[in-house]
Amino acid sequence: MPITGLILGAVLGAVMQRGRFCVTGMLRDIFTRGTWRPFTALLIVISVHAIGLTALTSAGVITPEYSPFAPAVIVGAFIFGVSIVLAGGCASGTWYRAGEGLVGSWLALVGYALSAAAMKTGPLSGVNAWLGQFTVNQTTVPATFGLSPWWFVAGLGALTAYLAARFLQEEFTGPRPVALAQPLHRRPLHVYLAAVIIGIIGVIAWPLSAATGRNDGLGITTPSKNVANYIVTGDGSFLDWGALLVLGILGGALVAAKVSGEFRVRVPDARTSSRAVVGGIGMGVGASWAGGCTVGNGMVQTSLFTYQGWVALAFFAVGVGVAAKIWLKPSGRKTATGTYSTDESVDGRAAHPEATTTSVSAPAYAVAPVALKVREQQSAPAGPAEVAPGEYALDTLGAVCPFPLIEAVSAMDELRSGQTLVIDFDCTQATDAIPRWAAEAGHEVTEFRATGDAGWRIKVRKG
């Protein structure tokens, strides 16, 4: 029944939201932080997928179809990789972040679904079909070498197990990031646990989807296109298993975010909004040319060991790397006044008034769209905005990930040892990224708390 897509999607959305699971961040961290720890979570998903799908295929439960490799995958994957950085998240990440209340993700989704519809069933479908006719007569790596796919499953599983064990050992023996003190139901899932669950969901998805006549597993691009087609035409046939899956991701993430106190409508500034729209359109075009997104290609096709999946994943990474080099850097703009006057975080400041500094001296440093200001003892009665001398405030409310971390790293370089950086942020992923950076860099977290729904403050003393 198609309703199983909605149910499974809701579980998937909740797990992704609680695990902060986004392939964009995993690829981005390779280039911006020089770490493969998050990317290992993606390898866990692929490995679990590979074990399950190979077993189901061997047992005759599912019959995957393998398409010849099309060179258009290279161009499409690169465009998609660049676009997900602009959009602020991959395909599945954009769906679940929309459930957290990020209006920028809604804008990206509109561009993504409409451009995918235009490429697959609309006026640009001819271009898509023309590019798809150029193929190489190769489908899967096991078929090329005449080997059982189980050899590749074993090799990938061994590599993944080694990397996961290594990073877990470093995590438990090295500096431990400070975690928020909160009830069990509000605590996030470890990203590796979330990866195992997502992999299992992906295995379950294929036979459930096939039972409705859709011979495929998890996917985001075509289902997103189908949602757009249904909204425009009202044709109920577009509400298939896949379309219900992505709608379920949105609903599941919304519930998870509400329960955990991480839901709040956050309206982006004009620059972030325009990037989200352009990124969303690029996602639809790129995924259509590549034959899938970071889920369809990066999780499913890779687990089937198709050339399409692994080549696409490689060029997703290249695109992310190029985009990160161009756009993901602190602005470093000096200002002549310490007054916060930008429009980026008006909504965030209204929701979190305690994050506002009432009186500010000449700034030590400032960046757009956030401002770093010297916090000094005020003559007013003691209150949330009154802090000791030597503390510097970095306001990143309204800034999407990874900018809170990027700006924090840049701002910390301006401080001397022993001085404190007070960071206000409302990016959910930064609740893990900022404390982890502080621990790895040898800084001390002296305070970490929620300031309201989807708002946090962390104080980091430079080591």
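Select Asp432 first: at 33% relative accessibility it counts as partly exposed, where buried means under 20% relative accessible area, exposed over 50%, and partly exposed in between (1.4 Å probe, protein chains only). This is a predicted model, so local features need pLDDT of at least 70 and side-chain atom pairs count only at pLDDT 80 or more, while totals for chains, interfaces and linings use all residues. Residues are numbered from 1 along each chain as its sequence is written, and side-chain values use heavy atoms, with hydrogens and water left out.

**Stop 1: helix H18**

Asp432 and Arg436 form a salt bridge, with their closest N and O atoms 3.2 Å apart. The term means a side-chain nitrogen of Lys or Arg within 4 Å of a carboxyl oxygen of Asp or Glu. Both residues lie in helix H18 (residues 430-441), four residues apart, about one turn of the helix. Helices (H or I, at least four residues) and strands (E, at least two) are DSSP runs, numbered from the N terminus. Arg436 is buried, with a relative accessible area of 9%.

**Stop 2: Arg37**

The salt bridge count comes to 13. Pick Glu171 and Arg37 next: their side chains meet in a salt bridge of 3.5 Å, N to O. Glu171 lies in helix H9 (residues 149-173) and Arg37 in helix H3 (residues 37-58), so this pair ties together parts 134 residues apart in sequence. Glu171 is buried at 12% relative accessible area. Arg37 is buried at 10%.

Keep Arg37 and show Tyr192. The charged end of Arg37 sits over the Tyr192 ring, 5.9 Å from its centre. The rule asks for NZ of Lys or CZ of Arg within 6 Å of the ring centre and within 35 degrees of the ring normal. Then select Arg166, which lies over the face of Phe167, at 5.3 Å from the ring centre.

**Stop 3: aromatic pairs**

Rings of Phe, Tyr and Trp (its six-membered ring) pair if their centres lie within 6.5 Å; planes under 30 degrees apart count as stacked, over 60 as edge-to-face and the rest as tilted. By this rule there are five aromatic pairs. Phe80 and Phe316 form a tilted one, 5.1 Å centre to centre with 45° between the planes. The pair links distant parts of the chain: Phe80 is in helix H4 (residues 72-87) and Phe316 in helix H15 (residues 307-327), 236 residues apart. Both Phe80 and Phe316 are buried.

Now go to Phe425 and Trp456. Their ring centres are 5.6 Å apart and their planes are at 25°, so the pair is stacked. Phe425 lies in strand S4 (residues 420-425) and Trp456 in strand S6, so the pair ties together parts 31 residues apart in sequence. Both Phe425 and Trp456 are buried.

**Stop 4: strand S6**

How many of the seven residues of S6 are buried? Six are, so S6 is largely enclosed by the rest of the structure. Two strands pair if DSSP finds at least two bridges between them. S4 and S6 run antiparallel, joined by six bridges. Asp424 has Arg457 as its bridge partner in S6. S5 and S6 also run antiparallel, with seven bridges. Here Val445 has Val460 as its partner in S6.

Look at the S5 and S6 hairpin, with two residues between the strands: Ala454 takes a positive phi near 55°.

Finish with Glu447 and Lys459, a salt bridge whose closest N and O atoms are 3.6 Å apart. Glu447 is in strand S5 (residues 444-452) and Lys459 in strand S6 (residues 455-461), 12 residues apart. Glu447 is partly exposed at 24%, whereas Lys459 is buried at 13%.
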